[in-house]
Every structure is written in structure tokens, then in C-alpha cells.
Amino acid sequence: MRIYTTSCLCPFLVCLCFIQKCYGASHHGPSNVPSKNQTKLANGETEVHHRPKRGWIWNQFFVLEEHMGPDAQYVGKLHSNSDKGDGSVRYILSGEGAGTIFIIDEVTGDIHATKSLDRERKTHYVLHAQALDRNTEEALEPKSEFIIKVQDINDNAPKFTDGPFVATVPEMSEVGVSVLQVTATDADDPTYGNSARIVYSILQGQPYFSVDPKTGIIRTALANMDREAREHYTVVIQAKDMAGQVGGLSGSTTINITLTDINDNPPKFPQKNYQLYVPESAQVGKPVGKIKANDEDLGINADIKYSIINSEGANMFSISTDRDTREGIISLRKPLNYERKKTYTLHIEGVNTHVDPRFSYLGSFKDTATLKITVGDVDEAPVFSIDHYIMDVYENTPSGTEVGTVTARDPDSRNSPVRYFLDSKEEGVRYFRIDENSGVVRTTQPLDREDMPWHNITVMASEVDNPSLLSHVHVTVQVLDVNDNAPEIATDEEVIVCESSRPGQVIQTVTAMDKDDFANGQRFSFALPSQLPVNPNFTLKDNEDSTASIIARRRRFNHLTQELYELPIVVWDGGEPSLSGTSTLTLRVCPCQRHGRIRMCQGEAFLSSAGLSTGALIAILLCIVILLAIVVLFITLRRSKKEPLIISEEDIRENVVTYDDEGGGEEDTEAFDIIALRNPAAAEELKFRRDVRPEARQHCGPPRSRRSPSVELDEVDVHEFIKQKLVEADMDTSVPPYDSLQTYAYEGQGSPTGSISPLDSPGTQSEQEYNYLDNWGPEFQKLAELYGEADSDVTT
């Protein structure tokens, strides 16, 4: 107990009961022991030391918890030096629990606890004491503070906050392997006595486990515990306070310990020999049986891999592991044949996939068993000699021609007869039939290679004794070629002939095509029909490479005179026997650029150069029609508007019509034909014979000298022709109402000076070369053609 003293300013004296008694004894009787205020001298006398009188003798108060007596528990006493014992001093108590838990005698200052206290709820109380004069209620001393501590007793047993506990430890563990640590708590005061000092002990679970008395760590106490023998253990641990002494309080908890598995057991087949029946009709790749080895371990420690270790079994069968059931699934690798082999022997091995090297001393973790498989005889479908037949037959052969033969046999020992037939669902039944007994395939009609060069049919076979068992085989028939198609020339596209083509110029090279098949390549020969007269316009040259060239025989074609020509060509193939065909080509005359670089007619050239599609042309035409309709509507509205009459003679209006059309020069050969003006008879003939195609004229005899056009027209009576036209114009009732002036001018003939044009003047061949005119562009193309024709005429 610690005693606190104060200076002279403190007026109270606080002490425990036993201090009070000691203090009272010191007044009632002397003592040989010197007090603290005395010093014993050498001669036996004592020297008294005087000090100022203290107002308080202060100390802490202690009260035991859990007091169960009938009377209030005495705590302590308050006393002031001002108290003479006459009752003139009144003591007052305030603070925590004052008046409810703690009461004080106002006269004597005794303090009592009226209730049972619990240290675990509250360990101490802070109170204030004061001494007052009973008569004047004045404070004799200042208010002072003191503490009442609740003294602990062992009233709380140790407790495990969690529980029951669950723990695991691997099987076959050594002694001393830590399993789990448990901890208990005691609510008592750990600083006072042994009330909170806990000791652990094991009540249940021996001799398998033990517990450390101080730390509560549970360890294995028995080595090599086998999970397969016993898997679960229940351990009860006790925690006792007072250091485990008699009278201490205790608490307990339960720990459920499970041994976890390790791979300490090899797989084992329940028996060493097995038998299995498999019919020969079993499908390849399908399971035919199962086998299983037992393993007492769990999880991955019980995983087993099966294998067939002998070659006889491994060639025909395979085995795999079912991960769920850990069974070995036996499957067929190749087809079985009872007639060839009736039994198979399989040596099957099961091995653990996860082996713990710590237990290698237990031996190899594998086991073997023997499986004998018996093949069952099954009535099988017929078997064809080969898997696929390829046959051939020439085209155009008569119906009933033999194509080939298929053969099938009964694989069973009784060798039942076989019947053949074609699959009626296929298209090949229209062209072929099969003899049901011999398997000979024949045609039902002549075949055409050009129509279908290959035929695919399916032949089916069944046993006579068991028609429900069917087998089938694919047969491919190739139709061989014979020379039965004449060659021909493609006439889909027209041949373009340029107007400027010259004699000997190649117009186009043509090729032929033949539907027949020639193994060494196609060979064609070309010629013009011999029964027809010689073509004056074109000839044909065989290039001897399966092509021919169309060559112009004359110069100067004109599409206005004749636009289309037809050229028959005879083509021979190189087959046996050789066949020939006649094809007629259509040649179209069109103007082309120099040297025929662009073989396209003017209309087509325009559309092609413009790059316009049909839809664009239609849109343009619609726009033009709309514009024309608008113009017509505008003119109609203007004509319907009434014009005022001419009142004044001075209001004279004239209509002046101006024609400013220029001729096209030398290139304008289609504007007006002057020959019609100078030769009326020829004009009338051309007018009524437009529907007849002009025929090429054949000139017999020696060539005549070229005459000038002006000389040929001298014989025409132009004056009479002009007068006739004038009369027709005057008598025509469809002429416009306004005056029209038509002028016919003719300068006459027989100029004394002659023509200054060099075109009609005879002369010798000029030494001047005009080839450079070809490079001057399209403006001088006409001039270049004229000079080129002149040179050609002189050369001819």
C-alpha cells in the first residue's frame, strides 16, 4: 500500500483501519521502539524531532469485488484535525457512486459500500471529500480528491473466443508437427495474483495429439497416422487459471482435426485377369469395354493413367482414362474380323500420375492386369474388291455396251451369294444398268462426251440370304471422245474493215474451235469454199498454226456504198476421220484512223469516247425532249397573241433570213452530190433503187485510162435541168408563204485556160514523197489518203 502525505495546508487525515488502530495504540501505551520522529542516542536517551503538524494523512482505499455479505462493506474512514470528537464537524462525500454505492457517516467519517462491485465492469471510482462546520456550514478544509479501487478476486473463468475449431494435418506426419494454436482469455486482473494466469491441457485426443501448456499450440504426438485407417479426430483442450492450481477456474474448446491425403497408396486392379466379348461389327473409334484400378487415395493422388503395354493389343485397341470415374475406356482402333482372328490378349497397366518421392520406398505406384478379348461372329454385309472403281467407255456407242464389272463377296464363312443393283436416287440410272448376278455395268443409251464427260454412280450389294445388309461402292465412268463434232469459227463479233484498207492488208486473224477433245492438241486448216466464185473483195491465208488471216483484195471500201460483207470460210479439223464445217463471217466497213489503229465505227466511237452509259443517254434525251416541249409551248403562246394592224404606211417591216452555212471543204463529201445535179438520169435512178444493195462491178478487159470528172460531165444538159427545177419550185404548193429566192449557178464548161487542179492532170510519177502527211494529224488525213491512192495507182 502506498501512502501519500501532504503539506500543512492539507487539513484531512485519511487512513485505513489498521493504521487507525496502530495510531491509537501509540497513544495508549509507550513503545521501546523509537518512532520515526525520534533518534536513539548512544547513552540510551532519545532525541525528539519536531515538525509541523500535517492537515491530511492520505491513502487510497480498496474494496473487494463481489461482496455478498448481509451488511455494507466497510471501506475506510475520513478524519480531520479540526474534529475534536464533539460532533461539530460534518463530513460530506461527492463524486462517482457517492450516495448510491458509497455512503459516509457524517459524524465519524466512516465510508461503506452498499452494493456488490465488479472489477471487470469498473476498476476504480474517483470521489471528493469535504469537512464542514455543523453549526455554520463553513468549510473547515478545502475539498480534496481520493480514489477507491476495486480489488480483484478470481471470479472469471478462461474463455475461448472462437470455437469449435477445424484443422487439418497431412497423414503420415512426424511427431511434433504443428496443427493449430488455440488461445483463451481471462477477464480477471493479470497484474494481481494468479487469477489470469492460464495453463493449457488436453482432455481428449491422446495419444495422437498434444498441447503446449503455455502457448496452446497443438502438435502431433503419434507418427505415421494413416488417413485410410482413420481420417477424423476430435481433440478437447482445457484452459485453467490460477496457474492450473486447485481451485482455479477453467474453460474448454473442441478441435476437429482431419488428416489430409497424400499419395501413399499405389493403384491396384481388383483382379489380375479379365475377359471381354466384342462383336466383329463394332465400329472403329467407339468404346467396347471398361476396366478400373482402385486407389485408396483422393484427388489428384488417385489419378491413374492406363496404357496397353503389349503390341498385339496396342495395334488393334486403344485405352483412355475417364477423369470422372477414373476408369480405363477401351476403344477399337481397327476393324475386327472374326474369320481372321478370334481372340486378342491385352496387358493393361495403371500408373499414378502424381507420385510423392518421399514414399518411393513403398515401391512402384502402378499395377498390371490381363484382358482377354473374344471376337464374336456377326453376319456382315458384302465387301467389294476395291473401294472405288474407275471405268471408261467411248461416246456414241450403242445401248448395252459393257462398261466394266464390280465384284463383291460375303466375308462370312458361309459365303452367301451376292446381288448387285444401282442406287435409284442418283441420276446415273438413266444411262447405266447392272447385271444383278455378275455385276457387269452396261449403258442404257448412247453417251455424249460433250454433254457430260464424267458419270458418277453408286453400286450396292446385298446377300441373298440377308437382303437387309447392304454395302455400296462409288463407280466413276469416263466418257471417251470420238471425232463427232465439226469445227467452227466464232461469229459472235463482227469483223471491222477500215475504209482505208489496201490490197494485201490483213484485216483480222481468226481461230476455230471444236467441241471434241484432242489428246495432242487441236489442228485446224482453213480455206474459202471452192464451189463459190473468187471473192473480189477478200481472200484467206492459212497460217498453218490453227489460225487464218483475212486479207483485203482491193482498196478503198466505203460504208456508204456497202457497209456489210459476208465471207464464208471452211475449217477442217485434224481428227480421224477429219470433219469440216463452214462458218460465215460478217465484215462491217467503218472509217478508221490511219493504219487502222482504232477499229470502231463512228456511232460506236462517239458513244465510247463520250463514256456514257445507256441510262445517261436516256436522261439526256429526256432533257432534250423537255426543252423542245418548252420551246414549242413558248412559240405557240407568242403566235396566239394578237398583233396590232399596220396603221401607218411608214411602219414597214421586213423579214431578213440569213444563211451562213459553210461547206466542209474537201472533207465534206456527204453534203451534196454534184453528180446528181449534172446527171439527172443518174439521180432518178438512185432515188428509186435505194432498197437494192449495190453490187460490185467486175470489169473485164484491159484497164481504161482514168478520165477527168469534168470531161465526163460535159455531155450533161445542165441548163435544161435547172429550168426543170425552177418550174417544179414555182408549181409546188407546199412552199412557205414568204418569198424565197433559189439560185442555181453554173459557170459553164470548156474554160480556155483549163483546170488549175493537179488532180486531173496527167503526168509521170512524181518524185515527191508524201508519207510525211501521215504525221500531220487528222486535219490532213484526207489529203494523205488522196496522195497515197495516187501513188498506188501509178505503181499499179
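Guide: A charge sits over a ring if NZ of Lys or CZ of Arg is within 6 Å of the ring centre and within 35 degrees of the ring normal. In this model, the charged end of lysine 122 sits over the ring of tyrosine 125, 5.4 Å from its centre. Lysine 341 also lies over a ring face, that of tyrosine 344, at 5.2 Å from the ring centre.

Visitor: What kind of model is this, and how are residues numbered?

Guide: The model is predicted: local features need pLDDT of at least 70, side-chain atom pairs count only at pLDDT 80 or more, and totals for chains, interfaces and linings use all residues. Residues are numbered from 1 along each chain as its sequence is written, and side-chain values use heavy atoms, with hydrogens and water left out.

Visitor: How many disulfides does the structure hold?

Guide: A disulfide is a covalent bond between the sulfur atoms of two cysteines. The cut-off used here is a pair of cysteine sulfur atoms within 2.5 Å. The structure holds one disulfide. Cysteine 498 is joined to cysteine 592, with 2.2 Å from S to S. The angle about the S-S bond is -90°, and the link is left-handed.

Visitor: Which parts of the chain does the pair of cysteine 498 and cysteine 592 tie together?

Guide: Helices (H or I, at least four residues) and strands (E, at least two) are DSSP runs, numbered from the N terminus. Cysteine 498 lies in strand β39 (residues 495-498) and cysteine 592 in the loop between β45 (580-590) and α3 (602-610), so the pair ties together parts that are 94 residues apart in sequence.

Visitor: Are cysteine 498 and cysteine 592 buried or exposed?

Guide: Buried means under 20% relative accessible area, exposed over 50%, and partly exposed in between (1.4 Å probe, protein chains only). Both cysteine 498 and cysteine 592 are buried. Cysteine 623 is partly exposed, with a relative accessible area of 47%.

Visitor: How many aromatic pairs are there, and how is one read?

Guide: A pair of aromatic rings is described by the distance of the centres and the angle of the planes. Rings of Phe, Tyr and Trp (its six-membered ring) pair if their centres lie within 6.5 Å; planes under 30 degrees apart count as stacked, over 60 as edge-to-face and the rest as tilted. The structure holds ten aromatic pairs. In one of them, phenylalanine 538 and phenylalanine 557 have ring centres 5.4 Å apart and planes at 5°, so the pair is stacked. Phenylalanine 538 is buried, with a relative accessible area of 1%, and phenylalanine 557 counts as buried at 1% relative accessibility. Phenylalanine 557 also forms an edge-to-face pair with tyrosine 565, at 5.8 Å centre to centre and 80° between the planes. Elsewhere, ring pairs link Tyr208, Phe209 and Tyr233 into a cluster.

Visitor: In what order do the four strands of the open sheet stand?

Guide: Two strands pair if DSSP finds at least two bridges between them. The order is β30-β37-β36-β33, and the pairing is mixed. β30 (388-394) and β33 (418-422) stand at the edges, each with a single partner strand, so one side of each is left without a neighbour in the sheet. Strands β36 (residues 454-463) and β37 (residues 470-480) pair in the antiparallel sense over nine bridges. Threonine 458 has histidine 474, in β37, as its bridge partner.

Visitor: Which residues is glutamate 137 in contact with, leaving aside its neighbours within four places in sequence?

Guide: Contact means heavy atoms within 4.5 Å. Glutamate 137 is in contact with Arg90 and Leu132, those neighbours left aside.
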